[in-house]
Structures are given as structure tokens and as C-alpha cells.
Amino acid sequence: MQLAGPPRETPMTTARAEQKRKIPRRTRKPRTRRQPKGPAPTPPAHLDTPHLCLLRAPTVAPPPRPMRRTITVATYNVHRWTGLNGRGKIDPARAGFVISELGADVIALQEVMRDHDGDDPLETLADALGMHVTFAATRVHKKGELGNAILSRWPIGSVAMLDLSFSKLEKRVAVWAQIPFENGLLDVVSTHLALADRTRHRQVRALLKHPLLQRGPTLLLGDMNAWRQCPATRALAKGMVEVGVEFPMSFPAARPVLALDRIYMTGVKLIAIEAHDSPAAQRASDHLPVVARIELPS
């Protein structure tokens, strides 16, 4: 039997093999992204993290006067100055008029928008009311800084920011101001708590344990997002509220059914608390302001 030998190479197959060895494999060129036309966007002035970024006195200093023993305090979520449904044109004067109706001595504001360009509506409001102001930004985006503020009829002695961003989905912050009065110091905190129960409870625990809130008369004001009884509200009721207090309904502004906006306190006496439901307030934001009369310790 004759065994078959290796396949016979023809001139054609030999030429193809030589060509395959000599020609390198084609390399893919790296793709380049097309650059957008026009100038590059300007980055925001601050990092997109919670930060304290404003403390100032009114441009025209009001006549000095001591803090009375009985004062009015308020909290108000201004809804980025966009009105009742959040889709209207930004109009800070609309909420500013409501704030002027309150006649409050100390005001906590939430969802305050400060534009990158043009006049700052918060500073304009503070100057119009002749009040001192501090502000902490929760986050920065293309329209401006968004965060919480405190307005005070009296000078602010100290300020601080408490980062409450315990969730990757929501950045939250509390701004703290200390206002001296004749018989001591009043600590005021403005905040906007998380929507999720578990995160909100962590935020409340952090606030109640913070040394800045354990030294004397203290007010904790803001949009607590507490639409029902939960661990956060029970912790706040145990630590910072008088027995039997019922918070007024403040949301939605047109027909309020939820007490989201609250004023907690310790070391002071609550005289009265109510929602401010004027016709202007029912249109200026999706929240009504909540106003309280308190008595400071003697």
C-alpha cells in the first residue's frame, strides 16, 4: 500500500502564503469625539458638594435694638421661587412678598435658588427686609446653587454647616446660626430632610446628637418631609417639642393636608403656632409658611 504524501504546493498557493506573511493586519484607528461648536461651558464657581457659602449683614444697617423676650419665628420652603406648580417662571418677588407678610424676626428658608448670573435673589430679599442672612448650598447645577438659608433681624454671631447626605441619591444639609440675645445664645437650624424614612431617621439622630444643638435654647426649623408618624418624627417629638403640640397643615399650599413644615424647639416656650395661608402664600410656593411665637428664657 502506498501512503499519501503531503499536499503538493502549487505556485498559486505559495504566492498567497507569502502575501499573507508579508501584509500586516490592519489596525483600527482610535475614534476621536467631535468637539462641540462654540466656547467651552464655564464650570461652576464651587464644588458640587454641600458647603457654607454666604454670611452677610444688610447693606443698610438697621438701628440697633436688643432681642425681645418674645419673638416670631418662621419656616418656609420657597420651591426655588417657581410658584405653586414648580413650572412657572422664576419670580423671587412672589415669595418675597409672602415673607414680608409674616413679620418674623427669624426665618428659615428651604429650596432657595441663587443664580450663577445676575443679582442674587436671597441677598436682595435680605436687604429689602433689613435682615442678616446665611446660606449653605446643598448642591450646584447649571442654574445656580440650591440650599437652605436663615434670615435674622439681629446680627448672627456664628455659623456652621451640617452635612446630612447619608444617601447617594439625595444631598441634604442643615445650616446653623447662633444669635446672641440679652440672656444667652439662641441656636437656629434650617434644614430639609430626606424623603426616605430610614435616611430621614439617620439625619435626625445626627442632628440631635450634634454638640451644636445641645448647649441651650435651640430652634430646628424646616421641611421635615414627615407626612406620617415615623422613627424620625418620634425622635424629634421626644427630644425637641412640648407635649401636646399639633403642627399645622402646610402642604400642598392650595389645600394643605400634610404637616411637612415644622418648628421644633428646646429651652424656649411655645406660645402659638400656625400656617400662614394668605392668598399670596397659596400661589407663591407649593408649601405654606409656618409661623410660631416663642418666649426666650429670662
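## Cysteines

Let's start with the cysteines: there are zero disulfides in this structure, which is a predicted model. To count as a disulfide, a pair of cysteine sulfur atoms has to lie within 2.5 Å.

C53 has a relative accessibility of 22%, so it counts as partly exposed. C230, at 1% relative accessibility, counts as buried. The cut-off to keep in mind is that buried means under 20%.

Next, find strand 3, which covers residues 106-115. Is this strand largely enclosed or largely open? Nine of its 10 residues are buried, so strand 3 is largely enclosed by the rest of the structure.

Now look at the strands it pairs with. Strand 2 (residues 70-77) runs parallel to strand 3, and five bridges join the two. Strand 5 is also joined to strand 3, this time by eight bridges, and that pair runs antiparallel.

## The largest pocket

Where could you look for open space in the model? The largest pocket has a volume of about 270 Å³. It is lined by 18 residues, and those closest to its centre are Q229, V245, F247, R262 and Y264. Two elements give two or more residues to this lining: helix 5 (231-240) and strand 10 (261-266). Helix 5 provides the largest share, with three residues.

What kinds of residues make up this lining? By class, 11 are nonpolar, two are polar and five are charged.

## The second largest pocket

The second largest pocket holds about 200 Å³ of space. Of its 13 lining residues, E111, R139, L146, R172 and H192 are the closest to the centre.

Which strands supply at least two residues each to the lining of this pocket? They are strand 4 (132-141) and strand 5 (144-152). With three residues, strand 5 makes the largest contribution. By class, the lining of the second largest pocket has three nonpolar, four polar and six charged residues.

Methods
Residues numbered from 1 in each chain as written. Predicted model: local features only at pLDDT ≥ 70, side-chain atom pairs only at ≥ 80, totals over all residues. Heavy atoms only, no water. 1 Å grid on protein atoms, 1.4 Å probe; cavity = no way out; pocket = protein on both sides within 12 Å on 5 of 7 lines; lining within 4 Å. Points joined across faces, edges and corners; volume = space filled by probe spheres on them. Helix = DSSP H or I, 4+ residues; strand = E, 2+ residues; numbered from the N terminus. Nonpolar A, V, L, I, M, F, W, Y, C, P; charged D, E, K, R; others polar. Buried < 20%, exposed > 50% of the residue type's maximum accessible area, 1.4 Å probe, protein only. Pairing = 2+ DSSP bridges.
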